[in-house]
Amino acid sequence: MSVTFEMTTDVRRVDMESLAALYASVGFGTEENYRHPAMTLNRLFGAGVYGFFAFQGERLVGMARVLSDDVMCSWIAELCVHPDCQRRGIGGALLDRVNERFRDTALYADAFKGQEGFLRSRGIVPQSRLVTCGRAPMKSD
């Protein structure tokens, strides 16, 4: 079954509830995690942060968020597609848009184990000398 979807970079089409639902659908926490008062679209997509969105009708079904200095490097912070719509070309279309927009910068992405082939198919290949390090957000008192 194919999915008809519309691609846009217009963050005004997105609301926090839809974004929270998409993140939760792919296991990036729960919708409640995105109800923090500081969690706003203006902050998530502020200066140097770019959004690429896929809609099926009015439903947000995919999203890529990229951090970039637009000079040397860009980093795909998130790329997610709702599980109901995966394996139907949405993730690839989002990544194609990211690749085109940031063609003049180095482009980096972290991948979950087993997803490297998807990135490789779009020219983003594993780098043997890079290691991802991270931590969860720290709660302030």
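**Terms and basis.** I call a residue buried under 20% relative accessible area, exposed over 50%, and partly exposed in between, with a 1.4 Å probe and protein chains only. The model is predicted, and I took local features only at pLDDT of at least 70 and side-chain atom pairs only at pLDDT 80 or more, whereas totals for chains, interfaces and linings use all residues. Residues are numbered from 1 along each chain as its sequence is written, and side-chain values use heavy atoms, with hydrogens and water left out.

**Entry 1: salt bridges.** I counted as a salt bridge a side-chain nitrogen of Lys or Arg within 4 Å of a carboxyl oxygen of Asp or Glu. The count by this rule is eight.

Arginine 59 pairs with aspartate 84, with 3.6 Å between the closest N and O atoms. Since arginine 59 lies in strand β3 (residues 59-68) and aspartate 84 in the loop between β4 and α3, this bridge ties together parts 25 residues apart in sequence. Arginine 59 has a relative accessible area of 33% and is therefore partly exposed; aspartate 84, at 48%, also counts as partly exposed.

Arginine 122 meets aspartate 96 at 2.6 Å, N to O. Arginine 122 is in the segment after α4 and aspartate 96 in helix α3, so the pair joins parts 26 residues apart in sequence. I noted arginine 122 as partly exposed because its relative accessible area is 29%, and aspartate 96 as partly exposed at 38%.

Arginine 12 and aspartate 10 form a salt bridge at 2.9 Å, N to O. Arginine 12 is exposed, with 74% relative accessibility, whereas aspartate 10 is partly exposed at 25%.

**Entry 2: pockets.** Rolling a probe the size of a water molecule over the atoms shows where empty space is left. A pocket here is an open set of points on a 1 Å grid over the protein atoms alone, where a 1.4 Å probe fits, with protein on both sides within 12 Å along at least five of seven lines; lining residues have an atom within 4 Å of a point. A volume is the space filled by probe spheres set on the points, which are joined across faces, edges and corners.

The largest pocket has a volume of about 1300 Å³. It is lined by 38 residues, of which Phe28, Glu78, Leu79, Cys80 and Phe112 are the closest to its centre. Two or more lining residues come from each of β4 (73-81), α3 (90-101) and α4 (116-120), and β4 gives the most, with seven. I sorted residues into nonpolar (Ala, Val, Leu, Ile, Met, Phe, Trp, Tyr, Cys and Pro), charged (Asp, Glu, Lys and Arg) and polar (the others, Gly among them). This lining holds 22 nonpolar, 10 polar and six charged residues.

The second largest pocket contains about 560 Å³ of space. Its lining has 19 residues, and Ala109, Val125, Pro126, Gln127 and Leu130 are the closest to its centre. β5 and α4 each supply at least two lining residues; the largest share, three residues, is from β5. By class, I found 12 nonpolar, three polar and four charged residues in the lining of the second largest pocket.

Technical notes: Helices (H or I, at least four residues) and strands (E, at least two) are DSSP runs, numbered from the N terminus.
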